[in-house]
Amino acid sequence: MTQLLITGGAGFIGSHTSLLLLEAGHSLVVIDNYDNSSPEALRRVLELAGPGAADRLVVVEGDIRSAADLDKAFAAAPSGQPIEAVIHFAGLKAVGESVGDPLRYWDVNLSGSRHLLKAMQAHGCRTLVFSSSCTVYGLPETMPIGEGAAIQPINPYGHSKAAVEQMLADLAASEAGWRIARLRYFNPVGAHPSGRIGEDPSGIPNNLLPFVSQVAVGRRTELQVFGGDWPTPDGSGIRDYIHVMDLAEGHRAALDALLAEPPQLLTLNLGSGQGHSVLEVVRAFESASGRTVPYAIVARRDGDAACTVADPHLAAERLGWRTRLSLAEMCRDSWCWQQANPHGYGG
Ligand SMILES: NC(=O)c1ccc[n+]([C@@H]2O[C@H](COP(=O)([O-])OP(=O)(O)OC[C@H]3O[C@@H](n4cnc5c(N)ncnc54)[C@H](O)[C@@H]3O)[C@@H](O)[C@H]2O)c1
């Protein structure tokens, strides 16, 4: 049993990963300020994790930009033991919002991460799994994208993730003993197959799958497809979607590798290596839900790429991890969550 601190553990990816880690027998402290999540998510994580799990989860409502809140979290392990590793999900992730309010992104994503690293140093914890993003690659020229591709983000969100990645590399170079994984996620979607936890974005969803499922359930009238003239077989953009349960497994594998191997800085793509177009996703969702998803093709958005697909080989080689779940399963589980919770955790 490892004592873990999970920042942002009430969020979409954090809640699914927390469940998996509780099921694996670990003991967790979650720190979250509920900026983009609900305490209900962690209540349901405990319900799914079953009897006894409540003794291995402490939730601290707090902000990663507060040294006092972080100290509280580091001292809160249910066993009273020191925290051995941190999984750092807390952050802001909406590209469009980051363009309008870059300082907020630099504050939460960069300054929040710096506070966390200082707290880790102060508490003698040097093992970290960090949520990075394929956004750090910007608009790469070659596909699939390997980890060696240039880091050239094109929006404030991507800049803030790339800056944290750099800060982690500088830290690992400055002091022996750090075990750090920088995980670059592609497009996480889906939900726990029970339909009890899932993605609950506040406001208008920024990502395709929550939007599609809100159209299917009748919360929104139609999907806007940004660009029908991309150089792809059906003209719509292609992305690499990864089921959130596969992503959670990727975190567990990365954590196991960090704890078992000598100190290192590991940088890995977490994606499936398979691309699906927006229109393919719409069709897959229609067959999973039995509902029609009306859509309109509108102009391209600035900064979008025709196609973004991961080269996932390094993660397979280093972690023995690869995705298992298909687009049909992603749509099935998103639909199950959306249907049972048409208004997310709010009812
Ligand atoms: N979902 C994606 O498409 C995607 C893709 C690539 C990378 N990521 C990264 O993965 C991480 C998790 O993403 P997610 O989809 O679960 O997002 P999310 O918004 O559902 O979860 C983030 C969590 O962090 C919390 N949080 C935000 N600011 C905080 C602060 N200052 N202090 C404490 N808690 C705070 C939020 O309340 C939320 O619970 C983020 O860092 C995101 O940038 C996400």
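A polar side-chain atom of Ser 37 sits 2.7 Å from an oxygen atom of the ligand. A polar contact here is a pair of N or O atoms within 3.5 Å; within protein, one must be able to donate a hydrogen and the other to accept it, and residues adjacent in sequence count only if both atoms are side-chain atoms. Lys 93 also places a polar side-chain atom 2.7 Å from a ligand oxygen. Phe 89 uses its backbone: a polar atom there is 2.8 Å from an oxygen atom of the ligand. The ligand taken alone exposes 820 Å², and the protein buries 96% of that. These areas follow the Shrake-Rupley method with a 1.4 Å probe; for residues, only the protein chains shown count as cover.

This is a predicted model, in which local features need pLDDT of at least 70 and side-chain atom pairs pLDDT 80 or more, while totals for chains, interfaces and linings use all residues. Residues are numbered from 1 along each chain as its sequence is written, and side-chain values use heavy atoms, with hydrogens and water left out.

Now take the whole shell. It holds 30 residues, and Asp 32, Asn 36, Ser 37, Lys 93 and Tyr 157 come nearest. The shell divides into 13 nonpolar, eleven polar and six charged residues. Nonpolar means Ala, Val, Leu, Ile, Met, Phe, Trp, Tyr, Cys and Pro; charged means Asp, Glu, Lys and Arg; the others, Gly among them, are polar. Helix H1 (12-23), strand E5 (127-133) and helix H6 (156-174) each supply at least two shell residues. E5 gives the most, with three. Helices (H or I, at least four residues) and strands (E, at least two) are DSSP runs, numbered from the N terminus.

Beyond its neighbours within four places in sequence, Thr 17 contacts Phe 89, Ala 248 and His 251 (heavy atoms within 4.5 Å).

Leu 48 lies in helix H2 (residues 39-49). Leu 48 counts as partly exposed because its relative accessibility is 24%. Residues up to four places away aside, Leu 48 touches Leu 19, Glu 23, His 192, Ser 194, Arg 196 and Ile 197.

Notes. Buried < 20%, exposed > 50% of the residue type's maximum accessible area, 1.4 Å probe, protein only. Near = heavy atom within 4 Å.
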